[in-house]
Amino acid sequence: MKYISTRNKSLNYDFSSIFLRGLAPDGGLFLPNEIQKFNENELKELSTLNYIDLGVEIISKFCTPALDKKRIKLLLEKAYENFDTKKIVEIKKIDNINLLELYHGPTLAFKDIAMQVIGLMYEALNLNKRKINIIVATSGDTGSAAISALKEKKNINLFVLHPHGKISNIQRKIMTTCESNNIFNIAIKGNFDDCQQIVKQMFNDEKFREKINMSGVNSINWARIICQIVYYFYAYFQISSKLNFSVPTGNF
C-alpha cells in the first residue's frame with residue numbers, strides 16, 4: 001500500500017513513513033492511494049471472524065509489507081489483553097437503537113482501541129534507532145489514552161498539550177499522575193484548538209520536525225483511522241441488517 005496527500009496525489013510514501021510523520025510534508029493528510037472494496041464472498045468470510053481476526057484482515061490491507069498478518073495479530077492480542085471484555089467492543093440494544101460500546105479499554109475512551117495498537121506499532125516497526133518525540137494535543141481523552149499506550153516505552157518521549165483549566169479533574173489526574181519518565185504534560189493557556197494549532201505548526205516546520213524526530217498520535221495519523229475502521233465492520237456484521245451510524249463527536 002502506498003500513500004498520497006490530500007494536497008498532492010503524486011506523493012508515494014510507504015506505511016512506515018506515514019506512520020512516523022503523521023502529517024504530510026505539504027501540510028495535508030495522508031491517504032492510501034486506493035481503498036480496497038470487499039466483494040460479497042469476502043464479506044461473508046469476514047463476518048465469521050472474531051474482533052481480533054477481523055482486525056488482522058482489515059488492518060493488513062493498509063500496513064503490508066511493513067507489518068504482515070502474523071505480526072499484526074500479535075500486536076492486536078497484546079493491545080487488547082487488558083480490555084474488560086474479550087469481545088473488545090460490545091453492542092447493546094436500546095429500543096430500536098444499537099449502541100456500540102467502545103469504552104472497555106484502560107482509560108474508558110474509544111481512543112484506546114487505536115492508541116493501544118499504535119503504542120506497540122512504534123516498537124514493532126523499529127523506526128530507526130533515534131528517540132522519537134511524540135506530540136499530542138488533547139481535550140482530555142486523547143492524552144490519557146496516549147499516556148496509557150506509550151508510558152515506559154523505550155526510545156519514545158510523549159509530550160501532551162492540554163488546555164489549562166478546561167478538562168475534567170479525573171482527566172487531568174490520569175494525565176498528570178503517571179510517573180513514567182518518558183511522559184511530559186504541558187498545560188496551555190487557551191482552548192483545545194490552541195493546543196492543536198501548536199502541534200500543526202510544529203509538524204509544518206519540516207526542519208524542526210526532522211531535528212527532533214517528531215511524530216504524532218492525534219487523528220492526523222492514518223494509523224488511528226485504520227484501527228477504528230475495524231469496529232464499523234464488526235458492528236455491521238453483528239447487526240446483520242441495513243444500518244446507519246450516528247457518531248457523537250466534538251470536532252468532526
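In which strand is the place of I97? I97 sits in strand β5, which covers residues 97-101.

## Basis of the model

The structure is a predicted model, in which local features need pLDDT of at least 70 and side-chain atom pairs count only at pLDDT 80 or more, while totals for chains, interfaces and linings use all residues. Residues are numbered from 1 along each chain as its sequence is written, and side-chain values use heavy atoms, with hydrogens and water left out.

Helices (H or I, at least four residues) and strands (E, at least two) are DSSP runs, numbered from the N terminus. A residue is called buried under 20% relative accessible area, exposed over 50% and partly exposed in between, with a 1.4 Å probe and protein chains only.

## Nonpolar surface patch

I94, I97 and L99 make a nonpolar surface patch of about 270 Å². Patches are made of residues with over 30% relative accessible area and no salt bridge; like charges are joined within 9 Å, and nonpolar side chains (Val, Leu, Ile, Met, Phe, Trp, Tyr) within 5 Å. The areas come from the Shrake-Rupley method with a 1.4 Å probe, and for residues only the protein chains shown count as cover. I97 counts as exposed because its relative accessibility is 52%.

## Salt bridges

Side chains of opposite charge can pair when their charged atoms come close. A salt bridge here is a side-chain nitrogen of Lys or Arg within 4 Å of a carboxyl oxygen of Asp or Glu. The count by this rule is five.

One of these bridges joins E206 to R21, with an N to O distance of 2.9 Å. E206 belongs to helix α9 (residues 206-211) and R21 to helix α1 (residues 15-21), so the pair ties together parts 185 residues apart in sequence. R21 is buried, with a relative accessible area of 9%, whereas E206 is partly exposed at 24%. D53 and K73 form another salt bridge, their closest N and O atoms being 3.1 Å apart. This pair links distant parts of the chain, with D53 in helix α3 (residues 51-63) and K73 in helix α4 (residues 69-79), 20 residues apart. Both partners are partly exposed, D53 with a relative accessible area of 22% and K73 with 33%. A further bridge, between E57 and K69, has an N to O distance of 2.9 Å. E57 is in helix α3 and K69 in helix α4, so this pair ties together parts that are twelve residues apart in sequence. E57 is partly exposed at 23% relative accessibility, and K69 is partly exposed at 40%. Salt bridges that share partners also join R21, E206 and R209 into one network.

## A buried arginine without a salt bridge

R224 is placed in helix α10 (residues 222-239). R224 is buried yet has no salt bridge, and the nearest side chain of opposite charge, D141, is 9.3 Å away. For charge, Lys and Arg count as positive and Asp and Glu as negative, with His and the chain ends not counted.

Which residues are in contact with R224, leaving aside its neighbours within four places in sequence? They are K111, A114, M115, I118, T142, V217, N218 and S219, where contact means heavy atoms within 4.5 Å.

## Cysteines

The structure holds zero disulfides, a disulfide being a pair of cysteine sulfur atoms within 2.5 Å. C227 is buried, with a relative accessible area of 2%.

For C195, the closest cysteine sulfur is in C178, 19 Å away and too far for a bond. C195 is buried at 0% relative accessibility.

The peptide bond from T64 to P65 is cis, with omega near 5°, and P65 is found in the loop between α3 and α4. I88, although not a glycine, has a positive phi of about 75°. I88 is in the loop between α4 and β4 (90-94) and is buried, with a relative accessible area of 2%. E152, also a residue other than glycine, has a positive phi near 65°. E152 lies in the loop between α6 (141-150) and β7 (156-163) and is exposed, with a relative accessible area of 61%.

A187 is found in strand β8 (residues 183-188) and is partly exposed at 42% relative accessibility. Leaving aside neighbours within four places in sequence, A187 is in contact with H162 and H164. The C-alpha atoms of A187 and N50 are separated by 40 Å, the two residues being 137 residues apart along the chain.
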